[in-house]
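Dear colleague,

Please find the structure below, handed over for your attention. My notes on it follow directly after.

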Amino acid sequence: MSRLFHHSPREGREPLIRMVKRPQIPWAKANLIRAAALLGALLAGALIILLLGHNPLAVYADMLEGSFGSKVSRTETVKIAVPLLGASLCVALAFKMKFWNIGAEGQIMMGAIAASYFALFHHQNMPSWLLLTVMCLAGIIAGGLWGLIPAVFNAKWGINETLFTLMLNYIAIGFEKYLQNGPWKENPNGFPKIAMFAAEARLPRVFGVHVGWIIMLALVVIVFIYMKRTKQGYEISVVGESKNTALYAGMNVKKIIIRTMFISGAIAGLVGFIQVSGADFSLTESTSGGVGFTAITVAWLSKLNPIIMVFVSAFLAILQKGSNRIQTDFKIPASAASVLTGIILFFMLGCEFFINYRLIFRGRKEKRNGYSN
Amino acid sequence: MDTVINLFCAAVLAGTPLLFGTLGEILTEKSGNLNLGVEGMMFMGAIAGLAGAYFYEQIFTVPSGIVAAIIAVVFSFLCGVLGALIYSFLTVTLRSNQNVTGLALTIFGTGFGNFFGDVLAGRAPSGYAAVGAEIKSVFQGIKIPFLSDIPYIGKLFFSYNFLVYVGVIIAVLMHFFLNKTRAGLNLRAVGEDPAAADAAGINVTKYKYLATCIGGGICGIGGMYVSMVICSGVWVFNCVGGIGWIAVALVIFATWSPSRALLGSLIFGGLSIMRLYVPLGIPIQIYDIFPYLATVIVLIATGIRQSKEHSIPKSTGLNYFREDR
Amino acid sequence: MSEENNAIRLVNITKSFGSVLANDSISLDVRYGEILALLGENGSGKTTLMNILSGIYYPDSGTIYVKGQEVKIPSPKDAFNLGIGMIHQHFKLVDVLTAAENIILGLPGSVRLNRKAISAEIKKISSRYGFDIEPEKKIYNMSVSEKQTVEIVKLLYRGADILILDEPTAVLTPQESDKLFEVLKNMKNDGKAIVIITHKLNEVLAVSDRVSILRKGCSVGTVKTSETNRQELTELMVGHSVSLEIERPEINTKHGEYLKIVDLTCIDSDGHKVLDNINFSLNGGEILGIAGIAGSGQRELCEAIAGLYPVKGGAILCRSETPNGPVNENIVGKSPTEIIKKGVAMAFVPEDRLGMGLVASMDMVENMMLKSYKQGKGPFTERKKPRQMAERMIKELDIVTPGVSTPIRLLSGGNVQKVLLGREIASEPSVLLVAYPVRGLDINSSYTIYNLLNEQKKKGVAILFIGEDLDVLLELCDRIMVLCDGKVSGIVNAKETTKEELGLMMVHIGDEKGGETA
């Protein structure tokens, strides 16, 4: 029992609300609570829209229209979802190990920079398929190495990985800005930007969207199997639950941390390659565009399950695409997407409590529940 | 000599938002809550302070600078409290994961700041939200007769805007509170070992809520410093841009001591404005990553040598539920 | 006795945790000027009941009277206000603070701390009751019994006249326990009401006036200590008559030395010697008990042998009988994986079952895989064999669980230990290290564990048994080694020694034994 509200003026009264751990709750009921939380979050969002003087229903409908209404908007939504899904896979692998990798942003950027190097300076030297393969590998390796740095320091000296990975984001973006303003600047006397990629360095399209979406869906299956069915996946789960147990079981914990973070970073690097080569055809400081952070939301809401991530990232992509639309239609700033994402996350985080605990109000007799030994 | 003094003064000015963020997070972590939402709360404070002053100016045709300053401080503090309150409710009462809740608060707060910043700008006739000269001047350096005129000393110590002094006073008060008072002792006990504190009759929930919310409020003021002082009362998209995160790292650098936070924020303030004062002949984009690079170095250095007394409150990051068994 | 003398009266107290009913309609009273023993097995609900009294838990239903008045106790603060104070088994002290700071924690008073005045006041109280306490000493520098003293002074400082002690002797030497009992008797004569929670019959008979017995969350009665005996108390506690004898089978075949430790020294991160020149040998078909005050190096010894704790110097020589003949290895400095690769058949049941031996959130199948998951070719895990192993184990060891797919954190303590020990035995070890294998287990489960260990002993396995209950060590083990501050203070034949002798060895090294008692 613990008290929701603080001391009543008179000491020694029964607390107003007590919280008691529930026995296990049926799967359907748990999901009902989650659905209610999502609804609650959308209602809270509606309240903000209402305060700004708009009709929430119209705004939400416009968001849906904006993300689904036409073929163009649908492909745009998928294009937003692809990097988000990839970054979520990256984050989930690390989170499963309880390694707080919030550096997907930087890992994506480093992958993008490495891929761009070949796209910009070696596109004449090889055929398109080889160039794309080299760019892809470069992205994977660069992202992986960027993920490796904090992992090594964490494994060897226990350095806090949350802040380390985060700082590496800023450093990666700073490095990109340096390239953009200096050595890689397209026109030395013009606006600081990097040249567009040649046609050979661009990913082909399937059903109107670059092939990145197929790569990502394949990766979902691979990561799912890797986490659930392989020895390495098993090691990640054990290290995440308890490092002591992992050591006891004879696992090389340091190696596992370093290896997993390389893979995690490599996935982000792959995302970086897909972004520059499939979506933007160039490198900019917003190539990673915040997906590294949003991915944390996706991974957590999906309970680190890659299959569920497909749907959650699609949902958040709809939110984001929809927010761009309402900016033009209603003059509601596009940052509404992050406000809504934050609210949804708050509600989903909070609702887990009601799945695990039950409230008892003062004066209410508790009904006895069955018990096992 | 003048360069050194100018560098020092600029470092103080650039370091003050870091100081607020660091102090707020120290107080928060002392209660065992690791709130990674500093960046978000600073954004919330930034827009609240600016919006408060802005609307005050709109409503009263003859605005008083002092009143505007008070409004900005109070509004930003309250908005920071609001963010921290969401965090406390989720982690303390609903026992959600502290890391994820803090990150969610950053996502929310960043969106909140930019969203309302854009709303404010979008509705201003000029297309951008800015306060007038009268209000802007209160957030400029002060001028104390006689003291400010002393050579060197005046510039070094008596030339800053009032928020710098507020920050230093908060640091001193916090140091006294944590080390010399009963409530401070109780708070430290809550952060170190909530079960022991609870058994000793301390209301753990109350201490966690209060410390986290006041800490959040202090972070909020730091955000307001960014919008009102650094951006001179104009809303700039993404204005906080990472300051909150450096503050979280500075807490480690300061080894959870408010007095050392003063030194830390001065150093990091200095790093962030170095390109203007110390020419090294390297591109400015490289200068810009110095604070982050330095943070990494600080993380590594403090992580490798650890001591029992000057380390993170033991329960930080873990939620406390009395009936857990 | 008259009603006015009642310090506490509990009526029909009920408390459940999730699906577990910890207290089922328990009624009980405690009087001033007496020591009440609350007796029950592990898991019988004693601690829960007392936690309700001290405001840690809030009951689902039932009434509490203190000094004849009906009260609610929603927090420890309210318990203090009623004069109730509890000393928990795991002390509730803040490590980085001083004794004085811990004592005044949470109390009202001047905003500013006056450390000098507080220290003086504490000195005054402790000298009145004859305690030895250094107010400015940090808790992390204190021994277990010093910490206990701080806890007692903390309660007295707060004016508690109803004191509850949860398993207070679990971490003390026999001599320290006797001293504690003297203090408790003094406080009783001072008119205070005292409850001690215990599962040790000797203590009950030695110190209490009345005994209340709990079994499986229910109250089974209260008797006067002077009118009862061991056998009756045991039956009340367990519910049926049990033999309290632990078997010690005699092994006639000679198996020779399976483990030899030579000059083993380990240093912790602060540079303190946690193991200092340890020498002993362990034979097949033998149980060697390790006794010592908590934190004397027991954990480090096990972990060093298992390859989990860095070793500064010395040798660990291990002999295993494998299908391919005996393997002799010095395993010092080897990691667990390397030890397995060398063909050394060693198994380890660590003290922290769910934090080291098992993964709490995983099911039985996945826990079976823990040490063997690397077997088999290819990158994928093999789950068929572990599943069969889990199913077989459930049958053979009577493990109560909904199924092999249930996370093991949902199992009771006894079943968790059966899973862990079962897995380790299944690896057919030559050397078996077990650390506190019956801690927190009820009597039936404890005896299951003793029997499993004895079976292994009969098979010729060399067993290292770290225990805290000296009675158990004396009955189960063949020899007992006593550790004191990381050093071996002696190795004795279990059949020829006494509790008192062990107690002295626990606080004195080697030849000093027999000196003045602590």
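How many residue pairs does the rule find in polar contact across the interface of chain B and chain A? The model is a predicted one, and with both residues at pLDDT 80 or more, one such pair is found there.

**Chain B and chain A**

The contact involves 52 residues of chain B and 47 residues of chain A. Together the two chains bury about 4,500 Å², and carbon and sulfur atoms account for 77% of that area. The number of salt bridges between chain B and chain A is zero. On the chain B side, two or more residues each come from H3, helix H4 (98–123), H10, helix H11 (243–253), helix H13 (284–288) and helix H14 (290–304). H4(B) makes the greatest contribution to this side, with 16 residues.

**Chain A and chain C**

Here 39 residues of chain A are in contact with 51 residues of chain C. The size of an interface is often expressed as the accessible area lost when the parts come together. For chain A and chain C the buried area is about 3,600 Å², with 55% of it on carbon and sulfur atoms. The rule finds 21 residue pairs in polar contact across this interface, both residues being at pLDDT 80 or more. On the chain A side, strand E1 (17–21), helix H7 (212–229), helix H8 (231–241) and helix H9 (243–248) each provide at least two residues. H8(A) gives the most to the side that touches chain C, namely six residues. Zero salt bridges are counted between chain A and chain C.

**Two places in chain B**

B:Val74 counts as partly exposed because its relative accessibility is 40%, which falls between the limits of 20% and 50%.

Is B:Ser227 buried or exposed? B:Ser227 has a relative accessible area of 0% and is therefore buried, the cut-off being under 20%. The side chain of B:Ser227 reaches the backbone oxygen of B:Ala46 at 2.9 Å. Leaving aside residues up to four places away in sequence, B:Ser227 touches B:Ala46, B:Leu50, B:Ser232, B:Gly233, B:Val234 and B:Trp235.

With kind regards

Terms used
Residues numbered from 1 in each chain as written. Chains lettered and ligands numbered in written order. Predicted model: local features only at pLDDT ≥ 70, side-chain atom pairs only at ≥ 80, totals over all residues. Heavy atoms only, no water. Buried < 20%, exposed > 50% of the residue type's maximum accessible area, 1.4 Å probe, protein only. Contact = heavy atoms within 4.5 Å. Buried area = accessible area lost by both parts, 1.4 Å probe. Salt bridge = Lys/Arg side-chain N within 4 Å of Asp/Glu carboxyl O. Polar contact = N/O pair within 3.5 Å; in protein donor to acceptor, adjacent residues only side chain to side chain. Helix = DSSP H or I, 4+ residues; strand = E, 2+ residues; numbered from the N terminus.
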